[in-house]
Amino acid sequence: MKQLIFFFLFLMINARLLSQETETFEINFAPTFFSKQLKLNQYYKTNQEDSIQITTFKFYVSNIELVNENKIVWKVNQGFYLIDIETENSLKINSLIPKNIQYDKISFDLGIDSLTNVSGAFGGVLDPTQGMYWTWQSGYINLKLEGNCSQSLQSNHEFIFHLGGYQSPFNTIQKISFETKKQLVYQVGIELNNWISEVDLEQTKAIMSPRKEAIEMAEKATKMFVLK
Amino acid sequence: MKYFLFFLVFWLVFSFFEKESNLFYVPKNWPKPVYNFKNNPLTKEKVFLGRNLFYDPILSRDNSVSCASCHSPFNAFTHVDHNLSHGIEDRIGTRNSPTLMNLAWHQSFMWDGAINHLDMQALAPISHPDEMNEKIENVVLKLNQSKKYKSLFFNAFGDSIATGEKTLKAISQFMLTLISANSKYDLVKQHSAKFTIQEKNGYKLFQKHCASCHQEPLFTNLQFENNGLKIDPKLNDVGRMKISQNPKDSMKFKVPTLRNIEFSFPYMHDGRFKKLNQVLNHYTNEIQKSSTLAESLRDPIVLTSNEKVDIIAFLLTLSDKEFLFNPAHGFPREK
């Protein structure tokens, strides 16, 4: 009986949605380093005139919300996106929203929520074959940045940041939000230097497990997102 | 419209019946399983795919080691004779492989609870350098190149393409069917068998001294406890603390089930004890006091040697031959 009720409810909701006019809401991410387009395996100069090369840069965006006067007016359901600098297509995300909706703020999560983290295997961008899931300890890697920098005192001048962890006190997921007027296409810059310039690359080689340093690093990483 | 409603009702009724499969059941008087079957409903075909994967060394980097290498059905799905489990190229790990049974009731996996969901469990041994040393990406690639798996995946999912999700869920499905609830102990509980005097006495002693951690009917409380083992300076394994980074979890390991304990030797996370009497001697004579020691081990346990024999007699009633020798759990022959 419960199933039956749910089924009709589902039909009704769908019918309402279908009758509503929708439009496409789009976010375009533009990764840069000091305003120059960021590409993998190319060299860039840091603040301190050190040369830096990025070899992997991937992160999850989820839970996109539209907010009006501090009330959530729209949530993109099942919206998990894996942004991979290497794949041009992944930099563009879009979703249907109701046409008449008003909002003054958009927000999204950098990472994967804790419920999804404890709910077993998923497909698509959440499939563990995407290389964004830890195997020795359960949990998604919210953000991966790997590369090398001449400033680093480590062997091969490498740095590896795999930021993840969903359980308190090491929950690394971050909320990014922008006050904005309603727009259908948003250009969101990912200025990597805003993050990297706050990291001591000379000493920090690797963060690859849920711990305090991972949270601090994830907080710094939020600074790279700028609405254009 | 009438026809549509008729069809709808029919479909709903049918889908209810379909759920009544005998692949999984909750034994009488057991708690509710924690595994969410809604996200991965068992079917015969998916279980069969999972069973094939479980016994196939294709999961390891050099195609030499399967899940069953360390989890053999006749040993309650663990590895006998080795205190620490082996992987590819004779590499030796740091822990004793755990038994696999009644996993639908477990919230976390591994001795330290590093894994939070049964679906994600297989990733750990597949990737560990001392175990299968393979990447799930590559496993999926190999499966997609295999003719055999093309048809197994098609039968299971209606789609021949293997993915990480499908592979892991199929392995879960097989593991979920490994239910052990038909030991002499269970028959006694159902009033269709009787304990001997010795077993009965052993059961009483068990309830008094052991049951707070090894809770019936699963014979584990599913918690992490420090059972007073001396730390091995070479392995220096702090257990749960490695995962939680909380000093309060130092030396705590997940309480293992005692079901089929007769067949799951050696014992403890590092397999340091080969015999059950060594285990009992540990609890009576060798407990290491520390701030994280299990509450129930703080006062010394005193047992005469006769009482120890009785407890062991009881523990042997937890052997479930039907489980151990169930052909449906074994190496998959042609359907």
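This is a predicted model: local features need pLDDT of at least 70, side-chain atom pairs count only at pLDDT 80 or more; totals for chains, interfaces and linings use all residues.
Local features are given for residues with pLDDT of at least 70 and side-chain atom pairs count only at pLDDT 80 or more, while totals for chains, interfaces and linings use all residues. Residue numbers run from 1 along each chain as its sequence is written, chains are lettered from A and ligands numbered from 1 in the order in which they are written.

**View 1. The cis bond at B:Pro217.** B:Glu216 and B:Pro217 are linked by a cis peptide bond, with omega at about -5°. To find B:Pro217, look in the loop of chain B between α10 (197-209) and β1 (224-225). Helices (H or I, at least four residues) and strands (E, at least two) are DSSP runs, numbered from the N terminus.

**View 2. The cis bond at B:Pro266.** Here B:Phe265 meets B:Pro266 through a cis peptide bond, omega about -5°. B:Pro266 sits in the chain B loop between β2 (253-254) and α12 (276-285).

**View 3. Positive phi at A:Asn41.** A:Asn41 isn't a glycine, yet its phi is positive, near 65°. Its loop runs between β2 (36-37) and β3 (43-45) of chain A. A:Asn41 counts as exposed because it has 10 C-beta neighbours inside 10 Å; the cut-offs are 12 or fewer other C-beta atoms within 10 Å for exposed, 20 or more for buried, and in between for partly exposed, with C-beta atoms placed from the backbone.

**View 4. Positive phi at A:Asn70.** Phi is positive in A:Asn70 too, near 65°, again in a residue other than glycine. In chain A, the loop between β4 (51-68) and β5 (71-75) holds A:Asn70. With 7 C-beta neighbours inside 10 Å, A:Asn70 counts as exposed.
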